[in-house]
Amino acid sequence: MPSAKTRDLTQGPIGRTLFVFALPIMAGNVLQSLNGSVNAIWVGRFLGEEALTATANANNIMFFLIGAVFGVGMAATILVGQAMGARDTAQAKRVIGTSATFFFLVSLAIAFAGLPLSRHILVWMSTPAESLALAESYLRIIFMAVPFLYMFAFLSAILRGSGDTRTPFAFLMLAVLLDIVLNPLLIFGLGPLPEMGIAGSATSTLVANVVSLAAMLLWLRHRRHPLWISRHENAVYRPDPAILRALVVKGVPMGLQMIVISLAMIMMISMVNAYGVDYASAYGAALQLWTYIQMPAMAIGAACSSMAAQNVGAGRWDRVNATARAGTAFNFLMTGALIAPVILFDHTTLSLFLPDGSAALEHGRHLNHIAVWSFLFFGVSFVVSGVVRATGAVIPPLLILGVAMWGIRIPFADLLQPALGIDAIWWSFPVSALCSMLMSLAYFRWGGWRKAKMLKPDPEAVAVPSEVPSQVPSPVADQGPRS
């Protein structure tokens with residue numbers, strides 16, 4: 001099992017420290033992608049193209065739901081990272097307590113609101129009629145899993161902010177293994193388990209995350225993590241006005257970035273849906289491959305954000321700039337190394353998600369050759385924006401992303417379809433990603449992000465008793481997880 005320790009990211013060689021810190025994040029991304037791919041294989045090859053299209057549509061909604069609260073979690077992560085860089089454990093606990101209360105209540109509200117709206121959302125997305133019922137069955141269960149998915153992601157992000165990437169990886173591995181094992185059992189009803197079809201795939205995700213979240217909380221309490229909030233420190237769960245204000249003012253723009261991306265993806269899949277199931281399932285299969293290609297950028301970007309936050313807190317601006325440079329270099333090397341084999345062996349890899357002889361296979365190969373290169377540029381934007389946000393400069397990255405997605409990608413895909421057909425959709429990916437990278441680099445070079453602040457000191461902040469031993473972030477106290 002992992003050791004329950006934080007990591008000082010303000011010391012040591014930049015490249016090596018960043019790479020070692022990012023490895024568990026990257027391994028976690030591999031696990032999540034493997035999990036999604038294995039589930040897609042069961043659904044696509046054994047339940048058919050309509051079922052794969054259903055999960056592709058429902059998973060776009062899931063990405064939107066994660067984006068809705070992503071900003072709060074990211075703001076909390078940055079605040080914790082800055083506090084740890086400044087060696088202020090009490091402040092880190094205040095941030096964790098306030099953000100955990102806010103985050104958990106919002107996740108419950110989203111889950112309860114989403115259940116009755118599932119079908120309406122899918123209809124609005126122009127989900128193909130033959131996939132609509134399947135997608136609704138899948139999405140309703142996913143909404144039930146949202147609070148557990150959110151809290152697991154929130155705790156993982158907080159731990160990364162403190163410099164601990166091993167613990168989130170260990171319990172993510174548990175969740176993925178449970179999901180992979182339960183998927184076929186619940187889809188086909190093996191043994192005493194009921195045959196649930198596509199609903200079984202969503203149910204396995206729900207069960208796996210409930211078990212893993214509970215296990216992580218119990219383990220971190222047992223190991224007495226330096227940021228554990230004990231019963232004697234319950235006062236930190238009462239929202240601190242200054243921290244809450246920072247979470248909202250800084251978190252909402254960061255969350256809007258994810259929402260901008262997810263809404264754009266929903267618009268894209270809605271355009272693809274208009275061309276029928278063959279193109280929609282081809283796009284869904286390509287999305288499975290893209291999750292692997294974007295793994296290095298996502299991992300390096302997340303590591304850069306945490307590393308930059310600690311160095312901002314410590315006042316080490318030389319290391320902040322060096323982190324951005326190292327992250328950009330790692331992105332080009334690692335993302336490029338994945339794109340080549342995906343292009344060379346795309347027939348084999350796409351065949352994993354589509355039935356033999358499917359017309360969607362050639363569509364998938366064609367779109368992949370056009371769109372996959374966008375992830376080289378996407379990775380640079382992700383890394384640079386992560387470093388910039390670590391200071392509290394959250395509006396410019398949002399504006400850059402908004403222009404790239406809604407000023408370039410969507411209009412390009414929509415307006416050029418009469419001339420290029422569906423290829424206009426595929427070409428919109430690299431064109432918009434390149435523009436986003438250029439704008440992000442320009443702001444990093446000439447923008448005023450270094451003067452931004454995440455949080456102003458608040459003399460009314462709740463005090464954390466210094467005599468109480470430090471332990472792990474948790475949305476509950478020592479009694480363990482509660483639903």
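The model is predicted, so local features need pLDDT of at least 70 and side-chain atom pairs count only at pLDDT 80 or more, while totals for chains, interfaces and linings use all residues. Residues are numbered from 1 along each chain as its sequence is written, and side-chain values use heavy atoms, with hydrogens and water left out.

I begin with the core. A nonpolar core is a set of buried Ala, Val, Leu, Ile, Met, Phe, Trp, Tyr and Cys residues joined through side-chain atoms within 4.5 Å; buried means under 20% relative accessible area, exposed over 50%, and partly exposed in between, with a 1.4 Å probe and protein chains only. The largest such core has 146 residues, and Tyr283, Trp290 and Ile425 have the most contacts inside it. Helix H2 (residues 49-85) gives the most to this core, with 18 residues; helices are DSSP runs of H or I, at least four residues, numbered from the N terminus.

I turn to the salt bridges. The whole structure holds 4 of them, each being a side-chain nitrogen of Lys or Arg within 4 Å of a carboxyl oxygen of Asp or Glu. One of them joins Arg119 and Glu136, with the closest N and O atoms 2.7 Å apart. This pair links distant parts of the chain, with Arg119 in helix H3 (residues 89-124) and Glu136 in helix H4 (residues 129-161). By contrast, Arg365 and Glu362 both lie in helix H12 (residues 360-371), 3 residues apart, and their closest N and O atoms are 3.5 Å apart. Arg365 is partly exposed at 26% relative accessible area, and Glu362 is partly exposed at 46%.

Methods. Helix = DSSP H or I, 4+ residues; strand = E, 2+ residues; numbered from the N terminus.
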